[in-house]
Amino acid sequence: MKKYYAIKVGNNVKDLIVESWEECKKYVIGYPSIYKSFISKKNAQRYLENITEEDVKYKLEIAEGHRYKRLKRMIQQCFDFEIPENVMRALIYYESSERLNSTIEFAILNNKMSEKDAKKFINFFIDSIRKLDSKKYLCKYHNEKIVDLKKHLTDKNIEDMKKLNIEIKNDIYTEYEFELLYDQILEYYKDEDMSEEDLKLQKDLSDTGVNIEEYNEILFKLDEINMIYGF
């Protein structure tokens, strides 16, 4: 099924509609971004037109906050000592080795970090950069585990998804896994703007035991997750 990806904000792009995830991810993965997928180009365009600048600012702040927390948690797990907040920020929002080194020196002078721990930290950073360039470094962490869907869905939502032959696993989802799950849900989606050919490809809810209100509630919850986490 064809999908349209409406990118409100991405890497050097605004108000862009693309027609594949491969194209979309070039603009959004590893960058502050706001985007959403649709099966109707008209709805994708409507989304871009209706979202306000206040919404954009708010959603970017939320997405960046979640991204920072994810990276911080994943990096911290690599060490047996607490990384000072200013050093962590200097690594995540990396600008130059000089900036990172001066931040580490400041932490040592203020007894926030020992020289031994600082050396471990710098070796970790150098090893990471040797293996990955800075963009791939961010993408690597950006695509790690992201969201526990069971914290956002009710037991009724999960039971209804089972009726649609969609099982929610007992783990948290990566962005890619969420995208696949969302595609499964959209197989039942029908819209008056869809062509007759597209409508024929859609699955029918009537044989599942899930009514349209229950389906729309699931779709609303997933759309909400989509927006909160900037998928």
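This note goes through a predicted model, point by point, from the sheet and its strands to the helices and the nonpolar cores.

1. The sheet. The model contains an open sheet of 3 strands in the order β2-β1-β3, and the pairing is antiparallel. Its edge strands are β2 (13–18) and β3 (34–38), each of which pairs on one side only. From one strand to the next the twist averages 10 degrees.

2. Strand β1 and its partners. Strand β1 (residues 4–10) runs antiparallel to β2 and is joined to that strand by 5 bridges; in this pairing Ala6 stands opposite Ile17 of β2. Towards β3, which also runs antiparallel to β1, there are 5 bridges, and here Tyr5 stands opposite Ser37 of β3. Strand β1 is mostly covered, with 7 of its 7 residues buried.

3. A buried lysine. A reader looking along β1 may want to check Lys8, which lies in that strand. Lys8 counts as buried because its relative accessibility is 8%, and the cut-off for buried is under 20%. The side chain of Lys8 reaches the backbone oxygen of Leu48 at 3.0 Å. Leaving aside neighbours within four places in sequence, Lys8 is in contact with Val13, Lys14 and Asp15, and also with Ile34, Leu48, Ile51 and Val56.

4. The hairpin and two positive phi values. Strands β1 and β2 form a hairpin with 2 residues between them. Asn12 is placed in the loop between these strands, and its phi is near 65 degrees, a positive value in a residue other than glycine. As background, most residues other than glycine have a negative phi. Asn12 counts as exposed because its relative accessibility is 76%, and exposed means over 50%. Asp15, which is placed in strand β2, likewise has a positive phi, near 50 degrees, and is a residue other than glycine. At 43% relative accessibility, Asp15 counts as partly exposed.

5. Helix α1 lies across β1, β2 and β3, and runs at about 10 degrees to β1. In this helix (residues 21–28), the residues Trp21, Cys24 and Val28 are buried. Seen down the axis of α1, the buried residues fall within an arc of 60 degrees, and so they line one face of the helix.

6. The end of helix α3. Gln76 is placed in helix α3, which spans residues 53–76. Gln76 is buried because its relative accessible area is 17%, against a cut-off of under 20%. A polar atom of the Gln76 side chain lies 2.6 Å from the backbone oxygen of Phe81. Not counting residues up to four places away in sequence, Gln76 touches Phe81, Glu82, Ile83 and Met88.

7. The nonpolar cores. The largest nonpolar core has 25 residues, of which Leu149, Ile185, Tyr215 and Leu222 touch the most other members. The elements that give two or more residues to this core are α8 (155–163), α9 (175–186) and α11 (212–229). Apart from this core lies another, of 19 residues, which includes Phe81, Ala90, Leu91 and Ala118. Phe81 is thus a member of this other core as well as the residue whose backbone oxygen lies 2.6 Å from the Gln76 side chain. In soluble globular proteins, nonpolar side chains tend to be buried together.

8. Tyr215 in more detail. What does Tyr215 touch beyond residues up to four places away in sequence? The contacts are Leu164, Ile185, Leu186, Tyr188, Tyr189, Leu205 and Val210. Ile185, one of these contacts, is itself named with Tyr215 among the core residues that touch the most other members.

Note on methods:
Residues are numbered from 1 along each chain as its sequence is written. This is a predicted model: local features need pLDDT of at least 70, side-chain atom pairs count only at pLDDT 80 or more; totals for chains, interfaces and linings use all residues. Side-chain values use heavy atoms; hydrogens and water are left out. Helices (H or I, at least four residues) and strands (E, at least two) are DSSP runs, numbered from the N terminus. Buried means under 20% relative accessible area, exposed over 50%, partly exposed in between (1.4 Å probe, protein chains only). Contact means heavy atoms within 4.5 Å. A polar contact is a pair of N or O atoms within 3.5 Å; within protein, one must be able to donate a hydrogen and the other to accept it, and residues adjacent in sequence count only if both atoms are side-chain atoms. The arc is that of the directions from the helix axis to the C-beta atoms. Two strands pair if DSSP finds at least two bridges between them. Axes are lines fitted to C-alpha atoms, for helices over the stretch in contact, and angles run from 0 to 180 degrees between N-to-C directions. A nonpolar core is a set of buried Ala, Val, Leu, Ile, Met, Phe, Trp, Tyr and Cys residues joined through side-chain atoms within 4.5 Å.
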